[in-house]
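Visitor: I am new to this structure and would be grateful for a close look at one part of it. Please place that part beside some others.

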Amino acid sequence: MEKRVVITGMGIWSCLGQTLDDVRQSLYTGKSGIIFSQERKDAGFRSALCAHVETPNLKPFVPRNMRQFMPEEAQYAYMATKDALEAAKIDQDFLDQHEVGIIYGNDSVAESTMRALDKFREFGDTAACGSGAIFQSMNSTVTMNLACLFRLRGINLTASAACASSSQAVGLGSLLIRDGLQDCVICGGAQEANMYSVASFDGIQAFSVREDEPTKACRPFDRDRDGLVPGGGAATVILESYEHAVKRGAPILAEIVGWGFSGNGDHISTPNVAGPARSLELALLNGGVDICQIGYVNAHATSTRAGDGREAEAIAQIFGDYRVPVTSTKSQTGHEMWMAGASELIYSMLMMKNGFIAGNINFENPDEHTSCVNVIPETIEKKFDMFLSNSFGFGGTNSTIIVKDIK
């Protein structure tokens, strides 16, 4: 018999804040985390826009001999996971006595790899890379570090699926719990916020160049959008079977009721409509959910010409005449990439739990492709008990999660 999958804890390290309360307030007030970076402009970036992500201080929590293994994104992920476990009322004693797994989204470790290899080339000696370099530079660095730091003995897996990575991580975690293979899985995603991780993105002119108005640069669905803005950080959700959560008296926040996924089977970077539409369709089908039950759609929309238009058409195709409210929180955060699926699940959870929908800031005029969806430009008071969140990535990888409130 399939088990119900619930969310019992959340934690986040975001340009909108490092606590759930701060992030909720930022969402509600339409605060943007996007800035102009002189460092990037001086380094030769076409666009110096990015989200500002605070550097965490791990010294009170992680010993020095372990910090040497942790690149930037693993540090964000540690802080988010520490808070999520605390919110779920899971302490180290519980982790030591139970089999808890981790599935985390991550798809690059650019800066750590670059710095280690620069030292090797400078000194002509591989020892110059340093003893922590191999552990910092592997794509699985987040899961290997967190699994060791929290002494986790369940599944230990990194999901690398471009900008759908952390959504796929949540989906895979829910699948393992549903089928009885794990009782509790830590899921999430992390994205390094340094400029080296996105230099190649800038090189293909993917970023907005609205540098004179940084907070207005990211404009999902808007007619005048001219590219995305890179962000970063980490977000963690604790997933458990309903029975497991009830047994230990955990705070039960919501239920994962549907997961859909698909591949576009098409161009490596240019999206189509059919792939995203299939992901939405399967999430609804697998969850046994009628479209009219969905009170809000958190769109993937990154503020690119093709991506926003194709997603709008996919949403309209699936929802038909039902004008479901749609926003992209990337208008405030920029594109958090490998982290985005998990962070946007948390952003949507904060809205659902507090009875509002954060406005899609900078949305002023639709175009011929985006006018088919009901984009909410300013924060509204709105009670809803079920939402759908999209995450799509390079290579045509799509993931859609549906979450239901539990009062």
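Visitor: At 1.5 Å a residue, what span should the 15 residues of helix α15 (residues 340–354) have, and how far apart are its end C-alpha atoms?

Guide: The model is a predicted one, in which local features need pLDDT of at least 70 and side-chain atom pairs count only at pLDDT 80 or more, whereas totals for chains, interfaces and linings use all residues. Residues are numbered from 1 along each chain as its sequence is written, and side-chain values use heavy atoms, with hydrogens and water left out.

Helix α15 should span 21 Å, and its end C-alpha atoms are 21 Å apart, which agrees. The expected span is 1.5 Å times one less than the number of residues. Helices (H or I, at least four residues) and strands (E, at least two) are DSSP runs, numbered from the N terminus. Of the 15 residues of α15, 13 are buried, so the helix is largely enclosed by the rest of the structure. Buried means under 20% relative accessible area, exposed over 50%, and partly exposed in between (1.4 Å probe, protein chains only). Just after α15, Gly355 takes a positive phi of about 70°.

Two strands pair if DSSP finds at least two bridges between them. Strand β4 runs parallel to strand β6 (residues 184–191), and six bridges join them; here Gly101 has Val185 as its bridge partner. With strand β5 (residues 156–159), β4 pairs in the parallel sense over four bridges, and Ile102 has Asn156 as its bridge partner there.

Charged side chains complete the view. The whole structure holds 22 salt bridges, each a side-chain nitrogen of Lys or Arg within 4 Å of a carboxyl oxygen of Asp or Glu. One of them joins Asp179 to Arg178, with the closest N and O atoms 3.2 Å apart. Asp179 is partly exposed at 43% relative accessibility, and Arg178 is partly exposed with a relative accessible area of 29%. Another links Lys216 and Glu213 (3.8 Å, N to O); Lys216 is partly exposed at 38%, as is Glu213 at 30%.
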